[in-house]
Amino acid sequence: MSEFTALNGAPASSFCFGTMQFGGGSDAAESEAVFKTCREAGINFFDSAWVYTDGASETILGQLAKAERDSLILTSKGGYVGPSSRENLTAQLDESLRRMQTDYVDIYFIHRFDDDTPLQETFDTLAGMQQAGRIRYIGVSNYAAWQVMKAQGVAAAAGTKIDVIQPMYNLVKRQAEVELLPMCLSEGIKVTPYSPLGGGLLTGKYAKGKQVDGRLAKDHRYAARYALKQMHQTAEDLVELAADKGVDPATLAVGFVAANPAITAPIISARTVEQLRPSLAAMTAPLSPEAYAEIAALSAKPAPATDRLEEA
Ligand SMILES: NC(=O)c1ccc[n+]([C@@H]2O[C@H](COP(=O)([O-])OP(=O)(O)OC[C@H]3O[C@@H](n4cnc5c(N)ncnc54)[C@H](OP(=O)(O)O)[C@@H]3O)[C@@H](O)[C@H]2O)c1
């Protein structure tokens, strides 16, 4: 499967860095340090969204990326707030481009499925943006597989296609293995999944009820998303496995996502350079099949779509 390229033809790095913390958990100086560390490690692929940190994420990313814009792959997303209508998507893309000081984004994602706007309006709008050179590739995020395939038919009628999806995927969130990832392998759709560390859970820092000042302690949505006892048990088991191997649990967690053959590039993230290092380490240390199997065994593999467990 061909990978993404920047406008100047440079291939996308095998990892993407997500800038959801730029201008929030990471101030401008820390964001710059994180960006530079990514660039030094060979990452040229950066994810953002209209909705992140009230626009600061796009503003900071645009400023940092400006000097080498055409050799970078920058994403944004619209339609998380408000509908995926022509009017709302056009207004949000205009604002994203202004904030990023650029006249195109490489990949533009619809941030969530919108039940209330006809897919034809959404994909006619995206096709028009693409024809105008304002977006290069089209993606969808947080769509179910049936929604992707339904939208793909509509996109074809509009003369374009969905190139990539952005689902949640990590060792304790494996739902994507059931329908989304097989669909993407079958249909030649790229996959850039988010939250490889489960928002920080798989670093092990919450193990054994430790009170830490992390996202799961501060953000009730993430606390609820990762509330199941079994998820915390898996994180503790990963910490033990990592100690046996003498590596950081975050490196194994990111490695697990990256090793799946359907994955194009995991979207890693961190608030600080120090936090970033173990996730970055997974880029240059792919897991052996044995290590992959050991990690995969720490959480339940979801049942296949047919639910015929004996055939899994
Ligand atoms: N499409 C969507 O709906 C969607 C949703 C979410 C994210 N995303 C994208 O995907 C990117 C990555 O998602 P994510 O931020 O959820 O990824 P993640 O890798 O699961 O979580 C990253 C967070 O884990 C914590 N962390 C990372 N390394 C650590 C370390 N070594 N030690 C301790 N804590 C550490 C930090 O949060 P704390 O220090 O605050 O705990 C960090 O912000 C985002 O930046 C965004 O671009 C997209």
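This is a predicted model: local features need pLDDT of at least 70, side-chain atom pairs count only at pLDDT 80 or more; totals for chains, interfaces and linings use all residues.
Residues are numbered from 1 along each chain as its sequence is written, and side-chain values use heavy atoms, with hydrogens and water left out. Local features need pLDDT of at least 70 and side-chain atom pairs count only at pLDDT 80 or more, while totals for chains, interfaces and linings use all residues.

View 1. Glu-58 sits in helix H2 (residues 56–65); helices are DSSP runs of H or I with at least four residues, strands are E runs of at least two, and both are numbered from the N terminus. Here Glu-58 is buried, at a relative accessible area of 0% (buried means under 20%, with a 1.4 Å probe and protein chains only). Beyond its neighbours within four places in sequence, Glu-58 has contacts that include Trp-50, Ser-76 and Arg-99 (contact means heavy atoms within 4.5 Å).

**View 2. The buried side of helix H6.** Leu-180, Leu-181, Met-183 and Cys-184 are buried in H6 (residues 180–187). They lie on the same side of H6 because they cover an arc of only 160 degrees around the axis, taken from the directions from the helix axis to the C-beta atoms. Packed against the buried residues of H6 are helix H5 (145–157), strand E6 (164–166) and strand E7 (190–191). Just after H6, look for Gly-188, with a positive phi of about 70 degrees.

**View 3. Inside helix H11's contribution to the lining.** H11 gives four residues to the lining of the largest pocket, the largest share.

Terms used: Buried means under 20% relative accessible area, exposed over 50%, partly exposed in between (1.4 Å probe, protein chains only).
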